[in-house]
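Take a look at the protein chain shown here. Which parts of its fold can be described strand by strand and helix by helix?

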Amino acid sequence: MKYSPIIILVFSLFACSKSNHTEQLISGEAQGTTYTVKYLGEANPHLKSALDSVLLEIDKSMSTYRQNSKISELNEGNKIYIDNKFLSVFKRSKEINQLTNGAFDPTIGPIISAWGFNFENPMKLDSFLVDSLKQLCGFRYFKVQGNEISKLKAESSLNFNAIAQGYSVDLMANELDKKGISNYYVELGGELKVKGKNKEGEFWRIGIDKPVGDNLDRKLSHIISLENKSMATSG
């Protein structure tokens, strides 16, 4: 039996369209929080392991909660060899620090520790102690030569927690780009990046929780449509 080329063409286009608009979901835990990835297309059994590998590499490099991470080794010592991801985040952090006139500052590790944000016992802080801790902060106390970074003050320390998750989202999105996926949503701990459109053919709609009490009913303060953009929220 012979089939009409037109019928075959229509069927092929329908099958392709249906495949391209099937939403796939990947989720997991990383960096003390959760991540969610949605994309349109065929299921890729290797994608989750690729994303988990990226997140693990970043943890081993920049997590202040891992004693054997690169950043922990630096904070406890004076000099280490760093990987390219660490170097990239350090340089970008320095640029943002200059653009914001110091408002963004990952070198305030000593003050973060003093407040107890690293699951340490908080100090009894006063203006005198804070001023003394400030003397340990600043990019001028960190020197990079090639893939080696050293501290000029032993008590100085870095904390990339304000930038590492956004950087992680960028790298996760890169994994999707490399696989030719053109419609996706990537979210990690409130940091997210979207590209293309969702399964309804609309730009990705992001709900922002209303910051009132525990908000157990998940009431939203606003819904934003994003077109090929990134967004970060902070609670």
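## The model and the chain

This is a predicted model: local features need pLDDT of at least 70, side-chain atom pairs count only at pLDDT 80 or more, and totals for chains, interfaces and linings use all residues. Residues are numbered from 1 along each chain as its sequence is written, and side-chain values use heavy atoms, with hydrogens and water left out.

The protein chain has 7 helices and 10 strands. Both are DSSP runs numbered from the N terminus: helices are H or I with at least four residues, strands are E with at least two. Of the 235 residues, 38% count as buried. Buried means under 20% relative accessible area, exposed means over 50%, and partly exposed lies in between (1.4 Å probe, protein chains only). Take the contacts between residues at least 6 apart in sequence: 50% of them join residues at least 24 apart. Contact means heavy atoms within 4.5 Å.

Strands of a sheet pair through backbone hydrogen bonds, either parallel or antiparallel. Here, 5 strands form an open sheet in the order E1-E2-E6-E7-E10, with antiparallel pairing. Strand E1 (23-30) and strand E10 (230-232) are the edge strands, each pairing on one side only. Two strands pair if DSSP finds at least two bridges between them. On average, neighbouring strands are turned by 10° against each other, direction ignored. Such angles run from 0 to 180 degrees between N-to-C directions; axes are lines fitted to C-alpha atoms, for helices over the stretch in contact.

## Strand E6

Which strands does E6 join through bridges? E2 and E6 run antiparallel and share 5 bridges. Val37 has Val186 in E6 as its bridge partner. Another 5 bridges join E6 (residues 184-188) to E7 (residues 191-195), again antiparallel. Here Tyr184 has Lys195 in E7 as its bridge partner. E6 and E7 form a hairpin with 2 residues between them. In the turn, Gly189 has a positive phi of about 55°.

Why is E6 largely enclosed by the rest of the structure? Because 5 of the 5 residues of E6 are buried. Both faces are covered. Tyr184, Val186 and Leu188 lie on one side, and Tyr185 and Glu187 on the other.

Helix H7 lies across strand E2 (33-40), E6, E7 and E10. H7 runs at about 150° to E6.

Two packed helices are described by the angle between their axes and the distance between the axes. For H2 (residues 47-62) and H7 (residues 164-178), the angle is about 150° and the axes are 10 Å apart. Leu47, Leu51 and Ile58 are among the H2 residues at the contact. On the H7 side, the residues include Tyr167, Leu171 and Glu175. By class, the contact has 11 nonpolar, 1 polar and 1 charged residues. Ala, Val, Leu, Ile, Met, Phe, Trp, Tyr, Cys and Pro count as nonpolar, Asp, Glu, Lys and Arg as charged, and the others, Gly among them, as polar.

## Two loop residues

Gln31 sits in the loop between E1 and E2. Its phi is near 55°, a positive value in a residue other than glycine.

Asn228 is in the loop between strand E9 (220-226) and E10. Phi of Asn228 is near 50°, also positive in a residue other than glycine. Asn228 counts as partly exposed because its relative accessibility is 47%.
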